[in-house]
Amino acid sequence: MMLAKKIQFENSDELTLRQMLDTLSTTNNFYFSYESSLLKLDRPLINNHYSGSIGNLLVQELGNEYEFKELPGYIIIRYAPEKLDLDAEMETQFNRVTVKGYIKNTRTNEGVSQASIYDKNSLVSTLTDENGFFKLKYKKNNASIWLTLSKENYRDTTFLLLPVVNIKAKKDSRTFRYIPGDGTTQEIEESFLGNLFIGFRQRLQGINVGSYFAESPVQMSLVPGVSSKGMFNSQTISNFSLNLIGGYTAGIEGLEVAGIFNINKRDVKSVQVAGIFNLVGGSSQGLQVGGIYNSVYKNVQGLQIGGIYNHVKGNVKGLQIGGIANRVDRVADVQIGGIVNHAQTSRNFQLAGIGNHASESAAFQLSGISNVVSDSVNNQFTSIINRAKVVNGFQFGLVNIAEENDYPIGFLNFIKNGEMNLAYHFDESGFSHLNFRSGGKKTYGILGIAYQHRDVDAPYAFEVGFGFHILTDHKFSLDSEFVALTASDFVSIYNNVQSFRLIAGVKMGNSLRIFAGPSLNFAFLDPGQTDFVGGWNIMEKTTIHGIYRSYGGVTAGLQLIL
């Protein structure tokens, strides 16, 4: 018993109350649990030297207005200046036992309203009315009844009621746990769904009983408060829970199924399924399925499936699947969302129909429209736009934005540590080209227009392409490019040319570069378009569908470095 353990100390260091509590818990391998706002933690100790039990020291330092309880690994300090008294009687009729009476304040002898009274064996419980009156009904079993009284700012008090025919007290075989509070219960009860489904009497039960929870193999509920455990359902951890419409329990270690909703104060382990939503104040471990919505206030380990939306305020270690959206406030392993995913950090993979977002960093993002990371990312793949601060791998998208990215793969790349230039050049076929090149240290995109100076049916062309920096020296450069050019009158003529270019450049000053190099070209021309391209013919084939030609060429021009 830690409260009875003998200690002694000399307060030569002028310890504060906070330091004394921390030292006691550290040296004796237990924890103090208390509400810090009710203790003056920074005041100096009353005792300059002490020899005696821990419990007696706490009484001397804190006074008689506090209650001290001991549970495995904890000493609980409660502010309880008032005491409760019980005035009750038992009635037996057929197979039912009714206990009724009043709970009073021992100092004033007045009834105490909204006090909790419960039996630790059967978990039958209720609250007193405005006069302190209560009534409990049991199935007759000739056993002794242990009634515990709880109320905020009152000392917990337990009374033994003996049956008429059997005065032997039955040993309490039910297991109780103490789980320190962390504020999530209040968050759940004050949330929109909590306000909608959790009643006032259940909230008072939680305030009165606090962090004490009972274990039960099975519980059944119609709605919160109408269950096999009555109002004590919210203080019960069960192995199997069946909620026909919905239930509010302390936690699950097994299986929980609900027609509409499950609400849990603390952890859920193994399997939880609800037709509409699951709301968990602790962590979810195993499988969680919500027809529309899942919300977990701490962590998820396993698989979470929401028909529309999942929200986890802690970490997700496993897989999160949302029909529309997933949100993780901290670190997520894998997210798959029909429309959007969000995480502070995406550790492995995000897949979304429209967009992915990570507030800090991500590993691999794959989406239909956009990927956004506020800091670093390994790889991003989308059809429209990627944005990140630092890219360790590649970005693939129409538009790529980053401060550092060696391998952007897109037509428009705005890379701070890369290069953008505007180029004007001629080729062997009589085309003049105006191109915008943008990219990183290794790859870049090409977007431009071209005009054929010879007399052809479709002189205007549009071209796109990709390039790779083979050599990047301060003075000299060597690049390879693949460019696709399309010229059309948008009626009947469609000419296409694909070109592989090897371009050498020489930088002149800080903003200009002259370049030239050979090219290998493949043309797919409409019938009759023999004069559309020039160059050195390698192979040509004419069919009823068009002209297929491969030829060599050269290109040369000037780049303005932006």
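Reader: Which residue does E82 meet in a salt bridge, and how far apart are the N and O atoms?

Author: The side chain of E82 meets that of R107, at 2.8 Å from N to O. In general, a salt bridge is a side-chain nitrogen of Lys or Arg within 4 Å of a carboxyl oxygen of Asp or Glu. A word on the source: this is a predicted model, where local features need pLDDT of at least 70 and side-chain atom pairs count only at pLDDT 80 or more, while totals for chains, interfaces and linings use all residues. Residues are numbered from 1 along each chain as its sequence is written, and side-chain values use heavy atoms, leaving out hydrogens and water.

Reader: Thanks! Is E82 buried or exposed?

Author: Buried means under 20% relative accessible area, exposed over 50%, and partly exposed in between (1.4 Å probe, protein chains only). E82 is buried at 17%, whereas R107 is exposed at 60%.

Reader: Where do R18 and D42 lie?

Author: Helices (H or I, at least four residues) and strands (E, at least two) are DSSP runs, numbered from the N terminus. R18 and D42 form a salt bridge, their closest N and O atoms 3.3 Å apart. R18 sits in helix α1 (residues 17-28) and D42 in the loop between β2 (31-33) and β3 (49-53), so the pair ties together parts 24 residues apart in sequence. R18 is partly exposed at 34%; D42 is exposed at 56%.

Reader: How many salt bridges does the structure hold?

Author: There are 15 in the structure. Another pair is K313 with E187, at 3.2 Å between the closest N and O atoms.
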